[in-house]
Amino acid sequence: MNSGPPLSRRGFLATSSAAMGVVAIDGAQASDSEKLAIEGGPKAVVAPAPKLVRWGAPEREQLDAMIGQNSLFYWKGPRTTLFLERFRKVCPLPHAMSCSSGTAALHIAVAAAGIAPGDEVITSPITDVGTVIGVLYQQAVPVFADLGSDTYNLDPADVERKITPKTRAIIAVHLAGNPCDLNALKAIADRHKLILIEDCAQAWGARYKGRPIGTVGDVACFSLQNSKQVTCGDGGVVASADAAIGPRLQPFGDKGMDRVKGGGLFELFATNYRMSEPQAAVAAAQMERVETIAEKRSRLGSILNDELADVAAVAPPAARAEDRCSYWFYMMRIRPDALRCSRTEFVKALAAEGAPVAEGYIPVPLYGNPIFQNHGFFAGRWPVKEMGLTEMDYSKVSCPEAEAILKTCFRLTIHEAMGEPYVRSLTAAVRKVARRYAV
């Protein structure tokens, strides 16, 4: 009970006015805090992005040891041997060949699988051209299947629709480290007697239902290019447990010479994709980092997924709980119907908030590039089409979901040097921009 004197009319008005003034001030402050940085408001991401240190003493130790060697050739080289030993701890497959790039790994895989002129290989339209370079060089035909709207990976139903009597293989691309639906793709491959190749270039340390990525398909291909989770600048590795394909990986990466059997004869037609000992030295050290890098990236990506799940204006990527996505980058989509701005405006506002963000991914699906539209793969020509081995016309190919993904996606950079508070500030930035432009 109030024991003070009764409030006069003048006192009541004065008190009420003061209270209303406080409310007005608080409201203005709230409004200012919600003002976008691009409009003069405070940034949501205040701290600078942590610096990522990718190599150090372990790599230096391997390089120092390599300098003392008499030879820097890969075959039975100490660094290459160590690299492959450590690689098998990451991806336990008995046959493995180190090579010069992820593109080389994929070409070796396609060649070792026996892909021949006119054969068809089904794969993703959202990937690096390296996924299909080997297919084209074997005079085979890339066939593009559509993708899941939130996984950005092959839609198994569309893969099966694209199978013809000429189909010989499927290349499953684990985009940004998110595992494809491998059980479904393997079932399709087995049912139609196809080879399943895993493009793990962006997926170091990822797991599918607890299994290391690369161990479900018939062949696994990895990249060690500079931007990947682990790297030796440029390099790759291809591996298999298949009794027929596995022994062919080494000769197809080494000009067709089988160094296990010996004899010095060139028994297969192949190019030189060998990795040198200096590259293997760095790669061997990097293999010791895979698990900690993948675990950290997976945890940070899960935070983004959880904290953005209820934001109506954006669609986070779908990663299955039983898998581990190693997030080479974090790609999500805007929902145009839920926003009063374009993707460009959304991304500019997000960048102004201090978020490390980029608009889109690749400009168009692979089939939309001039080289495909013109069928100009070999000196402006495509021999298999001229010889009647394929009727493929890339100017008529369309994968509607893949095209929609590229028109609405944007990417956040996440990496293992970032802490959880920093990543939570990224989610705050996305939420802030989404609220500002929400319909």
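In which sense do S2 and S3 pair, and over how many bridges? Before I answer, please keep in mind that this is a predicted model, in which local features need pLDDT of at least 70 and side-chain atom pairs count only at pLDDT 80 or more, while totals for chains, interfaces and linings use all residues. Residues are numbered from 1 along each chain as its sequence is written, and side-chain values use heavy atoms, with hydrogens and water left out.

Now the answer: S2 and S3 run parallel and are paired over 4 bridges, where two strands pair if DSSP finds at least two bridges between them. Helices (H or I, at least four residues) and strands (E, at least two) are DSSP runs, numbered from the N terminus. Together with helix H5 (residues 130–137), S2 and S3 make a right-handed β-α-β unit; right-handed here says that, with the strands pointing away from the viewer, the path from the first strand over the helix to the second runs clockwise. S2 is also joined to S4, in parallel, by 3 bridges, and Val 121 has Ala 169 as its bridge partner in S4.

In a regular strand the side chains alternate between the two faces of the sheet. In S2 (residues 120–123), Glu 120 and Ile 122 point one way, Val 121 and Thr 123 the other, and all are buried, that is, under 20% relative accessible area with a 1.4 Å probe, protein chains only.

Phe 144 and Tyr 367 form a tilted aromatic pair, at 5.9 Å centre to centre and 55° between the planes; rings of Phe, Tyr and Trp (its six-membered ring) pair if their centres lie within 6.5 Å, and planes under 30 degrees apart count as stacked, over 60 as edge-to-face and the rest as tilted.

Finally, what surrounds Asn 178, leaving aside its neighbours within four places in sequence? Asn 178 sits in the loop between strand S4 (167–173) and helix H7 (182–191), is buried at a relative accessible area of 6%, and is in contact (heavy atoms within 4.5 Å) with Thr 151, Asn 153, Ala 318, Ala 319 and Cys 325.

Note on methods: Buried < 20%, exposed > 50% of the residue type's maximum accessible area, 1.4 Å probe, protein only.
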